[in-house]
Amino acid sequence: MADDVKFKVSIDGIPVEVAPGTTILNAARQIGGDIVPPAMCYYSKLEGSGGKCRTCLVKVSKGSEKDPRPMPKLVASCRTTVMDGMEVLNITSPEVVEARKGVVEILLLNHPLDCPICDQAGECKLQDLGYEHGSAATRYEFERRTFEKIDIGDKIQLHMTRCILCYRCVYTADQITNQRVHGVLGRGDASEISTYIEKAIDNDFSGNIIDVCPVGALTDKTFRFKNRVWFTKPVDAHRDCPTCSGKVTLWYKGEEVLRVTARKDVYGEVEEFICNTCRFDKKATVDWVIDGPRHIENTSVISANHYELPAPPPVIKKNLRLQEANKEQLERAVKL
Ligand code: SF4
Ligand code: FES
């Protein structure tokens, strides 16, 4: 197919032209805003990611120009490629909003609601989804999964109870380090992230598994319990690093750098992976050249007091049924 061929797609009534082979999720990302499906396991920088969590479900109401039949079931937008003339519904479909609510309920079956003491609070995708779609009570009556604590080294803390088995950390270790020593052991409800014989993860780039984890299952021991992220000030900085790009975000409390992370884009994905020296060993301002304040998205409490309000597509505002399905999201779009 010629390089300049583009497929016309519409997502929540908004048209976009994308290259053949683009997934629905990435087509939505080209439009941007609230119509982009959430993604807990897909990560554009990691080959093979996606298809695990089902938070990105969408409805294909028209398959293509040639075959306009709708797809019979909701599909994972991170794994479904677009066809020419395809019409997709995300937040304009009450069915999708309802299904996503169910997915969140399943993800929360075994995930503890320990946000008040979890270091990921404020930058946790599951917390955001729980806030948008979660129910106040659980219907789950069985015993929850619990795990013995596993020591995976002096810099990274694993809390298996919080893991949603998205596999991002496994792909990260596989694809950007030269020796993966952890993975998913066991199957079904016995699956867990573990290092074999509790071998510490020790590699120049191992710290990146903290950044890719969408929940608080992998956290930075050098930052643990030091502060809530929304009390810290993110600042972009760089250094001349022989191992990585040296482009990071420093998280300040007063004049102290409490933690160092990779810079993340609007979808919470790291822009460039960073090495452990930058992440764990360079915690003084003199180590860095400061670039300026980090822009934080409005979905994060870190941006409290300088919100950019979400802007639901006009198509929702005109339709009472869609307004009802998106009630919670619309309420978030109204200033207190
Ligand atoms: S530890 Fe985090 S990144 Fe790894 S599979 Fe679990 S949730 Fe995903
Ligand atoms: S982001 Fe698509 S299934 Fe997880």
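Which residues come nearest to ligand 1? In this predicted model, in which local features need pLDDT of at least 70, side-chain atom pairs count only at pLDDT 80 or more, and totals for chains, interfaces and linings use all residues, they are Cys163, Cys166, Cys169, Cys213 and Ala217, out of 14 residues around the ligand. A residue is taken as near a molecule or strand if its C-beta atom, placed from the backbone, lies within 6 Å of it. The shell around ligand 1 comprises 13 nonpolar residues, one charged residue and no polar residue (nonpolar: Ala, Val, Leu, Ile, Met, Phe, Trp, Tyr, Cys and Pro; charged: Asp, Glu, Lys and Arg; polar: the others, Gly among them). Residues are numbered from 1 along each chain as its sequence is written, with chains lettered from A and ligands numbered from 1 in the order in which they are written.

The chain contains nine helices and 13 strands, defined as DSSP runs (H or I, at least four residues, for helices; E, at least two, for strands) numbered from the N terminus. Of its 336 residues, 38% are buried, that is, have 20 or more other C-beta atoms, placed from the backbone, within 10 Å of their own. Among contacts (C-beta atoms, placed from the backbone, within 7 Å) with a separation of 6 or more, 63% link residues 24 or more positions apart.

Helix α4 (residues 168–176) has Arg168, Cys169, Val170, Tyr171, Thr172 and Ala173 as its buried residues. Their cover includes β7 (182–185), β8 (192–195), α5 (208–212) and β9 (218–220).

An open sheet of five strands has the order β2-β1-β5-β3-β4 with mixed pairing, where two strands pair if DSSP finds at least two bridges between them. Strands β2 (14–18) and β4 (75–76) are at the edges with a single partner strand each, so one side of each lacks a neighbour in the sheet. Strands β3 (residues 57–62) and β5 (residues 87–89) run antiparallel and are joined by three bridges; lysine 59 lies opposite leucine 89 in β5. Helix α1 (residues 24–31) packs on this sheet and touches β1 (7–11), β2, β3 and β5. Helix α2 (residues 94–107) also packs on the sheet, touching β3 and β5.

A further open sheet, with antiparallel pairing, consists of four strands in the order β12-β11-β10-β13. Its edges are β12 (256–262) and β13 (289–293), each with a single partner strand, so one side of each is left without a neighbour. Six bridges connect the antiparallel strands β10 (residues 233–238) and β11 (residues 247–253), and lysine 233 has tyrosine 252 in β11 as its bridge partner.

How values were computed:
A residue is buried if 20 or more other C-beta atoms lie within 10 Å of its own, exposed if 12 or fewer, and partly exposed in between; C-beta atoms are placed from the backbone. Two residues are in contact if their C-beta atoms, placed from the backbone, lie within 7 Å. Axes are lines fitted to C-alpha atoms, for helices over the stretch in contact, and angles run from 0 to 180 degrees between N-to-C directions.
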